[in-house]
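Colleague: I am new to this structure and would like to learn how to read its interfaces and its charged pairs. Could you take me through them step by step?

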Amino acid sequence: MSFTFVLGALITLTVAGFYLGRSRSLASAGGSAVRLHSRPHYYGYFVALWCGIPTLLILGVWTMFQTPIVEMIVQSNLPERMLEGDPAQMSLVMNDIRNFASGNITSGEITPAVQAAADQYTSLLQVSGLAKFVLILVVGIAAIAYARGKIDPALRARNQVEKTMMAILIVCSVIAILTTIGIVMSLVFESYRFFEKVSPVEFLFGLEWSPQTALRSDQVGASGAFGAIPLFVGTLLISFVAMCVAGPIGLLSAIYMAEYAPLKVRGAVKPLLEVLAGIPTVVYGFFAALTVAPFLRDQGTFLGLDISSESALAAGLVMGIMIIPFVSSLSDDVINAVPQSLREGSYGLGATKSETIKRVILPAALPGIVGSFMLAISRAIGETMIVVMAAGLGANLTANPLEAVTTVTVQIVTLLVGDQEFDSAKTLAAFALGLVLFCVTLCLNIIAMAVVNKYREQYD
Amino acid sequence: MGEIDMSNSVQVTAPVASADAARETKFHTRGVQVFYGEKQALFDVDLDIYENEVTALIGPSGCGKSTYLRTLNRMNDTIDICRVKGKIELDGTDIYSDKIDVVHLRARVGMVFQKPNPFPKSIYENIAYGPRIHGIATSKEDIDQIVEESLTKASLWEEVKDRLEEPGTGLSGGQQQRLCIARAIAVQPEVILMDEPCSALDPIATARIEELIDELRDNFTIVIVTHSMQQAARVSQRTAFFHLGDLVEVGETGKIFTTPRDQRTQDYITGRFG
Amino acid sequence: MTDAVMTDVQTPDQMRRDRAAHASDAVRRSLKKRYAAEARFRAYGIGAVGLALACIVILFSTIISSGLPAFTQSAITLNVELKQDVIDPEGTRDKSTLINANYRKLVFDTLLAEFPDVTSRRDKRALTAILSSGAAYQIQQMVTADPSLIGQTLELSLPVAADFDLYNKGVITKETDESDRRVSNQQMAWFDTLKERGIIESEFNTTFFTNADSREPELAGILGAAMGSLFTMLVTLALSFPIGVCAAVYLEEFAPKNRLTQIIEVNINNLAAVPSIVFGLLGLAVFINFFGLPRSAPLVGGMVLALMTLPTIIIASRAALKAVPPSIREAALGLGASRMQVVTHHVLPLAMPGILTGTIIGMAQALGETAPLLMIGMVAFIVDIPGSITDPATVLPVQVYLWADSPERAFVARTSAAIMVLLTFLIFMNALAVLLRKKFERRW
């Protein structure tokens, strides 16, 4: 019973329900629509919704929860000694069962217990799929019959349908909140599991980052250091380089386009600068690794400096280019928001354009510009692909942009892209890093938005 | 011309220009035409502005008075589609020629706008802005002196002398406008142009500013655009009446309001339109 | 001194004139410096704009110049005899026999025949390295599809190995030390001889567009990644568009203006600025680990990207809905339409161009996303072209990332070529959005 098939059946049923409902409504009114409270198609929607919504809910919930529940059942049926073993061992076994059941390679040998469990797994899933399909059919047909029975010329179908539609709209709006809750909860939950293994103090204030965990306590490399300070410093270093590029270029471009450029030039250049924002970051990363880093390294050799091929300078430079439109676009908006009367007042006193800009407009627009800088910094901190491809992998606590550093986002990727057992401190560290990243960018964004909004209020 | 019914005419209370002083011409304008793109806003205006007097420009809305005012300090330059033709001379030199630098011009011919527009800076900095950028005063003592003088001349000193560091935008409407006048005075202009300076103010503030204008007359030449005939009658010595881009009539304020020569002037003054 | 003091007393009028003259002089003196500062400031502005534009030009020209070579591929034309005794000695035409036959020997023999004086085993291996492993595979496909070809001698165009392709394009040259290169001098000599005989050609690289990923650069293509992107985009669109528009309609038209809706608004604005990698972590923790959805499937990738695109669509749709003037709503209500009907019959159709524009832009952003998909596992080496939303797949940007990471030089050109394809799609989508906006959006 493939998912698409069941979905298709569900849709067919719902559409059938629509037509059945509509024809029934006309029939009940003696063939003419005038006697009906609502237009006939509303009665169709009435039946369709009665059929579609419950079945869709069943499909969704059943599909989402069928795998975890089946796994719980299979796990509880395993022999006693396996259940009492080490949890890491258990998840290995569960993995084996899953892989064996789907025909993939397994890590260990196939004991009879594992084989039996895998068979049980497969058969349970099959039964579950079939049961889901049958339930959907039954519920769907029953719903159609029930709803159809309720159709009567006096039934306020339109009102009912509209109430349901409103409920759907509200649910959709809530999904946005659920996303945030989901993010916070999943990050906090996994980070909590991490902080059970590594203390928060060591994490936030430790100076050494070399994340290793042993699978068995007697393995070499069982000592791992999870001090994230080098990562924070590396992130800040690269973001700083990026802002040194994007800040001046973005702000000066915005000033030029808002105050000096003739309309045609502005109309042509503004969309071009937006192009920089639309280029995927993986392209920037490739460009950084392919062209910029070697160029800088060669220049360094020429000048007698030792510039690493994964230097913070290369990554920061390219990231700065990417961020230029963030600074220029927002600054352009805030500069344009400064009222014309201030400019006229300044010109009337005999000030030149640059004096007006430097002494009247920029100070007036300063809160907004600061807000735009903060948003750009937030973007730089959260950027992943450029640094993954152009910055280093080894933690390095330094302020020298010519050296290779690593960032929070690079480590998140490195820790999770690999064949890691999910429970180890190593993979959970990624969630802790993600939590820090989320909190920092959230704070920056909230403050920046508040600053920009307060500034806008002043002038509206 | 026949009997003109002046029973509805305006009372002229402005001080009259003293007959003995030979009035020097400050602005001499001939054949001024202004175009906004294809649309012509001013048609062949010939007008002289005399020194140390208040000249009022009156007329119904949209008749070109503000446009004319803005040609006098080249504020129209800031509008891309605006073109100015004709001769506009300040002390004998055409201000649209290469001999006059526009920045210098605007230091000599100041402007006060309809809606008070103090900078979002402190009161002190608002006044200090002009002298600083022009290099008129550089040391703190000099600037302090200019600030005090300008605020005194704008009759605002007593009210704000203890709170010079507060933002200029925190003052009342009338105070803000006086601040703008002080700001204009600080660069030692020869002429002050005022574009409906009281239209956004209440009657009490308006009266104070009108008093101020009369005091300023001794040291500056003032050109004021106003849509209130009564105000023109209260403050100006000469009045020019604009209508639909034409300068219809110009003359001594008293004569314009009691014995206008043109029918249009009379109609406007007696309230038949506008 | 008293005389001087007496004559220096001035009338107030004179004093005023003096002060004005002094001020005027000061202004005149300051002009030169100030205009110089003005010109400098303006130059900085133009310089900044120029620098930004130069970056765009450098970026594009680098990518294009390094990617163009990937669109041509060297091929060798050989007359291959499909010997029965090698392919199917017993003549059973059994499928598994045909599949497992030693096509490599066939092809190598044909090439070795071009150079009869090459005898030692080492030399033979060096010579046959010119052929790609895909050559044998190509012949296998041909014969399995049409066994009647056995016994015939066909003139076939076979792919050349990537290193020799690079030599042919001049990327690998004799200038580097022989020990530093992957192509020895002897191999270059053989290749040159083949070129002189006219059997080496450069043809348009269709395998790039018809193959999925491969370990061999000359056989690697983007079709797998492209299909993966397509499926992922379908899932993203199917999820984010309805939910986003519904949420926007509710928030803009029906929601009461109270604290709760304010919180939701702030929440959506913040979600739009959350780093994309955090969404990847969410997908990993919830969709993969808790719900057990298949790793590396477009379904999960699409769900994660849908959550990312949701705020963009909601914000753009709200702006479009807000732009429809209240007079239209009032007119419809006045005619007796219910609030829901006003929205569905009048406001939504009028706001649709703006909503679609926002959706297209959101989709374009999602198409270029890499980081969250790395988190949910779409980074594996996938050789098969995905057929449904639950097959393991990768997407175009991730393919670029994987190839960029690869040490083989030949992948550099292919990475750039894949980037060119990706950028073409993005430019197309953005142009569509701009066109939509220009043609259909009304200014009220």
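Modeller: Let us begin with chain A and chain B, between which the count is one salt bridge, a term that stands for a side-chain nitrogen of Lys or Arg within 4 Å of a carboxyl oxygen of Asp or Glu. The model is a predicted one, in which local features need pLDDT of at least 70 and side-chain atom pairs count only at pLDDT 80 or more, whereas totals for chains, interfaces and linings use all residues. Residues are numbered from 1 along each chain as its sequence is written, chains are lettered from A and ligands numbered from 1 in the order in which they are written, and side-chain values use heavy atoms, with hydrogens and water left out.

Colleague: Which side chains meet in the salt bridge between chain A and chain B?

Modeller: They are those of A:Glu344 and B:Arg70, at 2.9 Å from N to O. Helix 12 of chain A gives the largest share, seven residues.

Colleague: How is the size of such an interface expressed, and what area is buried between chain A and chain B?

Modeller: The size of an interface is often given as the accessible area lost when the parts come together. Here the buried area (accessible area, 1.4 Å probe, that two parts lose on being put together, summed over both) is about 1600 Å², with 63% from carbon and sulfur atoms. Within chain A, the residues that lose the most area to chain B are A:Glu344, A:Leu349 and A:Arg359, which together make up 40% of what that side buries. In terms of contact, meaning heavy atoms within 4.5 Å, 17 residues of chain A touch 21 residues of chain B.

Colleague: What does the interface of chain C and chain A bury?

Modeller: Chain C and chain A bury about 6500 Å² between them, 80% of it on carbon and sulfur atoms, and the contact involves 73 residues from chain C and 76 residues from chain A. The rule finds one salt bridge across this interface, in which the side chains of A:Glu355 and C:Arg34 come to 2.7 Å, N to O. Helix 2 (residues 12-67) of chain C supplies the largest share of the chain C side, 22 residues.

Colleague: Why does the salt bridge of A:Asp332 and A:Lys270 tie together parts that are apart in sequence?

Modeller: In this pair the closest N and O atoms are 3.3 Å apart. Because A:Asp332 lies in helix 11 (residues 312-337) of chain A and A:Lys270 in helix 9 (residues 263-278) of chain A, the pair joins parts 62 residues apart in sequence. A:Asp332, at 1%, counts as buried, whereas A:Lys270, at 23%, counts as partly exposed.

Colleague: Which residues are linked in a network of salt bridges?

Modeller: They are B:Lys26, B:Asp91, B:Arg108 and B:Glu190. Within that group, the side chains of B:Arg108 and B:Asp91 meet at 3.2 Å, N to O. B:Arg108 is buried at 16%, and B:Asp91 is partly exposed at 39%.

Notes. Helices (H or I, at least four residues) and strands (E, at least two) are DSSP runs, numbered from the N terminus. Buried means under 20% relative accessible area, exposed over 50%, partly exposed in between (1.4 Å probe, protein chains only).
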